[in-house]
Number of protein chains: 2
Amino acid sequence: MSRIKSSGDTLVGEELKAGFSDRLYRQASLFKALAHPARLAILYHLSEMESCMTGDVAGELPLSRTTVGQHLKELRGAGLIKGTVEGVRKNYCLSPSGIKALKVASEELLSRIDTEEAYC
Amino acid sequence: MSRIKSSGDTLVGEELKAGFSDRLYRQASLFKALAHPARLAILYHLSEMESCMTGDVAGELPLSRTTVGQHLKELRGAGLIKGTVEGVRKNYCLSPSGIKALKVASEELLSRIDTEEAYC
DNA sequence: ATATTATGACGCAAATTTACGACATATGTT
DNA sequence: AACATATGTCGTAAATTTGCGTCATAATAT
């Protein structure tokens, strides 16, 4: 690895990792946020509920509240969801801008690699 | 791992993991294949070259030949690329069916979570 | 003030991923 | 046959991810 992992992590600043372009790193982290069934489940859940609390989701998934909290944190870090405090609880919902970024990234990738025939 | 990784692998068997639906697991593994800059770089490279050898890609990336080989293996496992033997070397290229599956998966996800306004 | 409730943060263990060097194998060359 | 070339496999080390229990904190309720 030898990757320099700073503190902020969320949307901070993409610091000089090994040798790939920032764009690749950015795209990869968006997809990484989708690379776990629990996170996909959370996104789907949020799309149906329009908003919900950590405890809520935890009840729906085969995972502990703490673990769900971590996945929520990662989704938030990727910018795909955001949360607002509402008294004791926190309300999470999909973040239009993050979803948009994901859309752009996947469209860019797919438009480049989409092909009808195999060359080998 | 502990995953039974058979030969054909791609859409094989999805055996009993924790508690999410097979569909979520399948989608997640497709996205996981895209969750590393090196793998994205390989896909982009293949889209430009139409086909290429392991050694080739390794030359383009800041990684050893062995490591690139592992990433190629993962992409192949996800069904996104395939390779044909050509004498001493192996030729890799994008796999239309795998790309198609990815396209379907990301379209499904995006159509479900796409939203104009934030609910919190 | 004292419970109760909902969360995030911290610490830890197990499982995975990532990266590589050293080998083994197979195909062409000379 | 002896060599060089292109790959895949194995073993290993380091870094990350995943999952979860335990605490600390903050907002309500009693």
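In this predicted model, chains A and B meet through 44 residues of chain A, which are in contact with 44 residues of chain B. On chain A, the touching side draws at least two residues from each of α1 (22-33), α2 (37-49), β2 (81-86), β3 (89-94) and α5 (96-113). Sorted by class, that side of chain A comes out at 25 nonpolar, 11 polar and eight charged residues.

Turning to the helices, α2(A) packs against helix α4 (residues 65-77) of chain A, with the axes 10 Å apart and an angle of about 75° between them. Angles of 65 to 115 degrees count as roughly perpendicular, so that is how α2(A) and α4(A) sit relative to each other. On the α2(A) side the contact is made by A:Ala38, A:Arg39 and A:Ile42, and they meet A:His71, A:Leu72, A:Glu74 and A:Leu75 in α4(A).

β3(A) pairs with β2(A) in the antiparallel sense, over six bridges, and A:Lys90 in β3(A) has A:Val85 standing opposite. The hairpin of β2(A) and β3(A) has two residues between the strands, and A:Gly87 takes a positive phi there, near 70°. β3(A) is also joined to strand β1 (residues 52-53) of chain A, again antiparallel, by two bridges; here A:Cys52 has A:Tyr92 as its bridge partner.

As for confidence, chain A averages a pLDDT of 85, and 85% of its residues score at least 70. Residues 1-16 of chain A are another story: pLDDT stays under 50 over this stretch, for which the model has 12 contacts beyond four places in sequence.

Conventions: Residues numbered from 1 in each chain as written. Chains lettered and ligands numbered in written order. Predicted model: local features only at pLDDT ≥ 70, side-chain atom pairs only at ≥ 80, totals over all residues. pLDDT = per-residue confidence, 0-100. Contact = placed C-beta atoms within 7 Å. Helix = DSSP H or I, 4+ residues; strand = E, 2+ residues; numbered from the N terminus. Nonpolar A, V, L, I, M, F, W, Y, C, P; charged D, E, K, R; others polar. Axes fitted to C-alpha atoms, helices over the stretch in contact; angles between N-to-C directions. Parallel < 35°, antiparallel > 145°, perpendicular 65-115°, else oblique. Pairing = 2+ DSSP bridges.
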